[in-house]
Amino acid sequence: QLQLVESGGGLVQPGGSLRLSCAAVTLNYYAIGWFRQAPGKEREGVSCISRSGGITNYADSVKGRFTISRDNTKNTVYLQMNSLKPEDTAVYYCAALPSIICGLSYEYKYWGQGTQVTVSS
């Protein structure tokens with residue numbers, strides 16, 4: 001059982017930045033996705049990164065503002081979020097897929113507990 005631990009959420013003003021982290025003991029064996037769920041809305045995929053870090057994908061709503069990266073020496077994946085907007089407010093989850101490349105949301109096998117991101121003035 002892989003245990004994912006997210007951190008880095010918080011309250012930030014519009015236009016601000018946050019960096020989320022997702023860590024696990026053997027994270028470097030998995031493709032990693034970031035997902036978010038706002039109150040009353042369905043969960044949506046935000047970004048994902050392949051096992052090697054060579055392939056990344058982003059939702060249209062965050063392209064140009066968010067950057068996903070990984071440090072396999074530290075078993076950690078990061079989501080750098082810049083130019084945050086109120087509509088980015090959600091609980092953010094990282095998830096692990098035992099694959100070289102990213103997959104669909106239902107394919108992710110392990111999920112973290114989530115970290116709250118609130119963008120408000």
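What follows is a dialogue on the disulfides, a hairpin and the salt bridges of this predicted model.

Visitor: How many disulfides does a search of the whole structure find?

Guide: Two. Counting bonded cysteines along the chain, their pattern is 1-3, 2-4.

Visitor: What makes Cys22 and Cys94 a disulfide?

Guide: Their sulfur atoms are 2.1 Å apart. The cut-off is within 2.5 Å, so the pair counts as a disulfide. The bond links distant parts of the chain. Cys22 belongs to strand β3 (residues 18–23) and Cys94 to strand β9 (residues 90–97), 72 residues apart.

Visitor: Why is the disulfide of Cys22 and Cys94 called right-handed?

Guide: Because the torsion about its S-S bond is about 70°.

Visitor: Are Cys22 and Cys94 buried or exposed?

Guide: Cys22 is buried, and Cys94 is buried too.

Visitor: How do you know that Cys48 and Cys102 form a disulfide?

Guide: The S to S distance is 2.4 Å. With 115° about the S-S bond, the link of Cys48 and Cys102 is right-handed.

Visitor: Which parts does the pair of Cys48 and Cys102 tie together?

Guide: Cys48 sits in strand β5 (residues 44–49), and Cys102 in the loop between β9 and β10 (110–111). The pair therefore ties together parts that are 54 residues apart in sequence.

Visitor: Why does Cys102 count as buried?

Guide: Its relative accessibility is 18%. Buried means under 20%, so Cys102 counts as buried. Cys48, at 8%, counts as buried as well.

Visitor: Now the hairpin. How do β7 and β8 pair, and over how many bridges?

Guide: Strand β7 and strand β8 (residues 76–81) pair in the antiparallel sense over six bridges. At least two bridges are needed, so the two strands count as paired. Thr67 has Gln80 in β8 as its bridge partner. Four residues lie between the strands of this hairpin, and Asn75 takes a positive phi near 50°.

Visitor: Which residues of β7 form the covered face, and which the uncovered one?

Guide: Phe66, Ile68 and Arg70 make up the covered face of β7 (residues 66–71). Thr67, Ser69 and Asp71 make up the uncovered face. In a regular strand, side chains alternate between the two faces of the sheet.

Visitor: On to charges. How many salt bridges are there?

Guide: The count comes to four.

Visitor: What makes Glu44 and Arg36 a salt bridge?

Guide: Their closest N and O atoms are 2.6 Å apart. The limit is within 4 Å, so the pair qualifies.

Visitor: What joins Asp88 and Arg65?

Guide: A salt bridge of their side chains, at 2.7 Å, N to O. Arg65 is in the loop between β6 (56–58) and β7, so the pair ties together parts that are 23 residues apart in sequence. Asp88 and Arg65 are buried.

Visitor: Which residues are linked in a network of salt bridges?

Guide: Arg36, Glu44, Arg65 and Asp88.

Notes: Residues are numbered from 1 along each chain as its sequence is written. This is a predicted model: local features need pLDDT of at least 70, side-chain atom pairs count only at pLDDT 80 or more; totals for chains, interfaces and linings use all residues. Side-chain values use heavy atoms; hydrogens and water are left out. Buried means under 20% relative accessible area, exposed over 50%, partly exposed in between (1.4 Å probe, protein chains only).
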